[in-house]
Amino acid sequence: INFCTGTVRHWDVSCHSKLYAKDGILISMKSAFITNLLISIFIIFLFNFNVGIKSFVSSIYLQLITPSVIIGQNLYNNFTNFSLALDRSARLDQALQQVADLSEKIVDYEDIKAESKLLKETLGVADFKFKKDELVLGNIVFLDKTNSKAIVLISDQVNKKIKEGNAVIVSDSIIGIVSQVEKTAVTVNLISNENFVTEAIDIDTKATGLVKGRGYGVLFSDVLNSEKLNLNDIVVTNIVSGKFNRQYVVGKITEVSLNEREAFQIANIESMINLSKQSKVLIVVTSR
């Protein structure tokens, strides 16, 4: 069948060539139509479905940017962790230093506690129980250095509490004892007064003896030669055998006199208080 003429005949090469050429044109036209259709649909999609495009673009953007963000975040996290590690290390060093300082203080406290226990055992005061001190404030109105006396004004409301022999102190140092009580004043024998005598102890060497006033100064006497006295040692009242219920500072040793032919040694004591610069004193009215 000749598809070109519609008649049955032999194979016509030229006819088939023409047919194939027509078919090629048709196929090309179909392809162009489909391509144009797809492009039109894509353009409509772009204009009418911009949200989808944005999502598509955003998806691509995220695909591209996410690795960089992850890397940056990892770097930031690593830096933050490193900074925190440095800070923790510094705080750890500080804490260790504080622990070391505290350990030293604990050791010092234990040493002081042991020394205090030894001192109590030496003095025999471990079981002593004292009354709470009651103090009366007084004003120095007259200082007699020649006779080692002082006149102290007091309130007439407290004079009945004060007795002869009560200690007169400035801070933790004893400056004398009450020798006479009047209505509004008391007379004080200073520690340099010849009538002042009290038991005392060298707080550094534990040597014991008597503190005696000599008018011109204060002596630490009746100390056995076998005991040790050093310059600048602090001498305090002895609460074991003394008349006071507290240890009061008498002064520091300024000179030591030791004679091997005698049984006792003596030392000069200088008070820690300059009465010329003091206007107020405290009178201890509580007894043991």
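Two residues are in contact, or touch, when they have heavy atoms within 4.5 Å of each other. Keep that in mind for the stops below.

This is a predicted model, in which local features need pLDDT of at least 70, side-chain atom pairs count only at pLDDT 80 or more, and totals for chains, interfaces and linings use all residues. Residues are numbered from 1 along each chain as its sequence is written, and side-chain values use heavy atoms, with hydrogens and water left out.

**The whole chain**

Start with the protein chain in cartoon view. You will find two helices and 12 strands; these are DSSP runs numbered from the N terminus, with helices being H or I of at least four residues and strands being E of at least two. Reading from the N terminus, the order is α-α-β-β-β-β-β-β-β-β-β-β-β-β. Of the 288 residues, 27% are buried (buried means under 20% relative accessible area, exposed over 50%, partly exposed in between, with a 1.4 Å probe and protein chains only). Among contacts between residues at least 6 apart in sequence, 53% join residues at least 24 apart.

**Valine 170**

Now select valine 170, which sits in strand E3. Its relative accessible area is 11%, so valine 170 is buried. Show its surroundings and you will see it touch Ile175, Ile273, Gln278, Lys280 and Val281, leaving out residues up to four places away in sequence. Next, pick the C-alpha atoms of valine 170 and leucine 275: they are 9.2 Å apart, although 105 residues separate the two along the chain.

**Serine 171**

Move on to serine 171, in the loop between strand E3 (167–170) and strand E4 (173–181). Is serine 171 buried or exposed? With a relative accessible area of 61%, serine 171 is exposed. Look at its backbone too: phi is positive, about 60°, although this residue is not a glycine.

**Asparagine 232**

For another positive phi in a residue other than glycine, select asparagine 232, where the value is near 75°. Asparagine 232 lies in the loop that links strand E8 (218–224) to strand E9 (234–237). Its relative accessibility is 53%, so asparagine 232 counts as exposed.

**Serine 148 and serine 192**

Select these two serines together. Serine 148 is in the loop between strand E1 (135–144) and strand E2 (149–153), while serine 192 is in the loop between strand E5 (185–190) and strand E6 (197–202). Serine 148 is buried because its relative accessible area is 1%; serine 192, at 16%, is buried as well.

What joins the side chains of serine 192 and serine 148? A polar contact of 2.9 Å does (a pair of N or O atoms within 3.5 Å; within protein, one must be able to donate a hydrogen and the other to accept it, and residues adjacent in sequence count only if both atoms are side-chain atoms). The side chain of serine 148 also reaches the backbone oxygen of glycine 215 at 3.5 Å. Beyond four places in sequence, the residues that serine 192 touches include Gly213, Arg214 and Val218, and those in contact with serine 148 include Val188, Asn189 and Leu190.
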